[in-house]
Amino acid sequence: MSIQTANTSQAHESMFDAVLARLDVAAKLMNLSENVSQVLRNPSKQVKVSLPVMMDNGKVKVFNGYRTVHSTHLGPSKGGIRYAMDVNADEVMALAAWMSFKCAVANLPYGGAKGGIKCDPRTMSVGELERLTRAYAVSMKDVFGVNKDIPAPDMGTSGREMAWILDEFNKNTGEDSPGVITGKPIAVGGSLGRDAATGRGVMVNTLAALKKMGLKPTEVTAVVQGFGNVGSHAARLLAEQGLKIVGIGDHTASFYNEKGIDIKAAMDYAEKNNRTLKGFTGATEIQSSELLISKCDVLVPAALQNVITLENAPKIQAKLIVEGANGPTTPEADPILNEKKIICVPDILANSGGVTVSYFEWVQNKAGYYWSEDEVNSKHDLKMEIAFEAVWHNASHYKTSMRIAAYITALQKIEQGVKLKGDY
Ligand code: NAD
């Protein structure tokens, strides 16, 4: 089968250029209207703010905050808020575009957005983080809205920050609007099942892909990079399905055990160790660069972007990659994976479980009626299976990779939205 991928002749310094490279390949294959392509190549709104925060040492520090709305053609924009030192306008723009495509692939009535603050949350006190988060929420009061732009957690943020943002938003409007933000703690309008949802989506996509490949979960090994929200739940849920997790790692340490790692023990250890794995004794510590290329059938990058590259892609031993993180594979690595016949379930499909349950949370907030965890999980699993099948079908129909097929699946829906809503 001849597979078309993004142009590999140049490295993509900009993450947004990497998004456009894939968009262009998909657009050409599916014959996307040039007008629609032009609209999607440009985010609809970009906001940058300066956030002065009183630090614990009595000095003011000014942080850069961002929010980009990429599209609103299928509904209000949706996307997480990231706290990390490498947050910048280009990254936020790329992540916002991915959210547009992700929501469309998962068949959610949303456009895409993303936000972030350039900061290192691990070195900040809870008080500093709270002041910074509240300052960001106030600066975004005209951007966010229940039917406008709905944030959620991403790297470096969790339900705690979502509750602070909700509180600031409510103070500003004088109303309780739980649906303005998702990924909240249960007590303030969160949904059961949201915490593990992205990892759960990774699990459902892995099982769907293994079935297509004729592999039994109980005969398969897996390596998971990242042991935060996505990675730890993905590892736990995959282990519950019978996969043997032989490798795990985070920013502090990486581990391998061919006999399998007790994920529950690793999660308990991380919980007591400031959410890090350094010092875990249930497996042999290895170099972090070895983790992605170690022996396994399934590889789940669930930490950060640009980790599967021109350099390490030739050494990857997995038959299946399921992208828990956003953008873990560079466009330059794509053709190498395709040549090696490694199936890659791309981020915009593989990690769409989180936004799917965020959507359920928003629906429950709007209705003021809350579902059981089983109800959330079964609705989630069904949506993921339908999304996987649609992308698998397009991969075969257009004779392309799962990644380009996921873009095509998304673009087919967004194109309708852009055309039906029209322009000026
Ligand atoms: P998190 O902050 O909970 O965890 C991130 C994990 O990555 C941590 O274990 C951290 O130690 C690890 N990590 C950081 N740098 C690393 C490095 N250099 N090497 C190895 N590990 C490293 O974040 P998360 O919410 O789990 O998000 C992880 C990825 O999944 C991000 O790309 C995010 O955009 C994506 N994502 C998250 C969600 C969600 O619901 N949380 C949804 C969709 C996509």
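**Entry 1: β7 and β8**

I looked up how strand β7 (residues 244-249) meets strand β8 (residues 254-256): they run antiparallel and are joined by 3 bridges. Gly247 has Tyr256 in β8 as its bridge partner. Strands here are DSSP runs of E with at least two residues, helices are runs of H or I with at least four residues, and both are numbered from the N terminus. Two strands count as paired if DSSP finds at least two bridges between them.

The model is predicted, and local features need pLDDT of at least 70, side-chain atom pairs count only at pLDDT 80 or more, while totals for chains, interfaces and linings use all residues. I number residues from 1 along each chain as its sequence is written, and side-chain values use heavy atoms, with hydrogens and water left out.

**Entry 2: the sheet of 7 strands**

I traced the order β9-β8-β7-β6-β10-β11-β12 in an open sheet of 7 strands with mixed pairing. β9 (284-286) and β12 (343-345) are its edge strands, each pairing on one side only. From one strand to the next, the twist averages 25°. Axes are lines fitted to C-alpha atoms, for helices over the stretch in contact, and angles run from 0 to 180 degrees between N-to-C directions.

**Entry 3: the sheet of 5 strands**

I found 5 strands in an open sheet with mixed pairing, in the order β1-β2-β4-β3-β5. β1 (45-54) and β5 (149-153) each have a single partner strand, so one side of each is left without a neighbour in the sheet. The twist here averages 20° from one strand to the next. β1 pairs with β2 (residues 60-71) in the antiparallel sense over 10 bridges, and Gln46 has Thr68 in β2 as its bridge partner.

Helix α3 (residues 89-105) packs on this sheet, touching β1, β2, β3 (77-84) and β4 (111-118), and its direction makes about 150° with that of β4. Helix α4 (residues 126-139) also packs on the sheet and touches β1, β2, β3 and β4; its direction makes about 140° with that of β1. Contact means heavy atoms within 4.5 Å.

**Entry 4: α1 against α3**

I checked helix α1 (residues 15-30) against α3: their axes come within 7 Å and cross at roughly 30°. The residues in contact include Phe16 and Leu23 of α1 and Trp98 and Phe101 of α3. By class, this contact has 10 nonpolar, no polar and 3 charged residues. Ala, Val, Leu, Ile, Met, Phe, Trp, Tyr, Cys and Pro count as nonpolar, Asp, Glu, Lys and Arg as charged, and the others, Gly among them, as polar.

**Entry 5: the ligand**

Which residues come nearest the ligand? Of the 22 residues around the ligand (a heavy atom within 4 Å), these are Arg82, Asp154, Thr198, His251 and Asn326. The shell has 7 nonpolar, 10 polar and 5 charged residues.

I then looked at polar contacts, pairs of N or O atoms within 3.5 Å. A side-chain N or O atom of Arg82 is 2.8 Å from an oxygen atom of the ligand. For Asp154, I read 2.8 Å between a side-chain N or O atom and a ligand oxygen atom.

Technical notes
A polar contact is a pair of N or O atoms within 3.5 Å; within protein, one must be able to donate a hydrogen and the other to accept it, and residues adjacent in sequence count only if both atoms are side-chain atoms.
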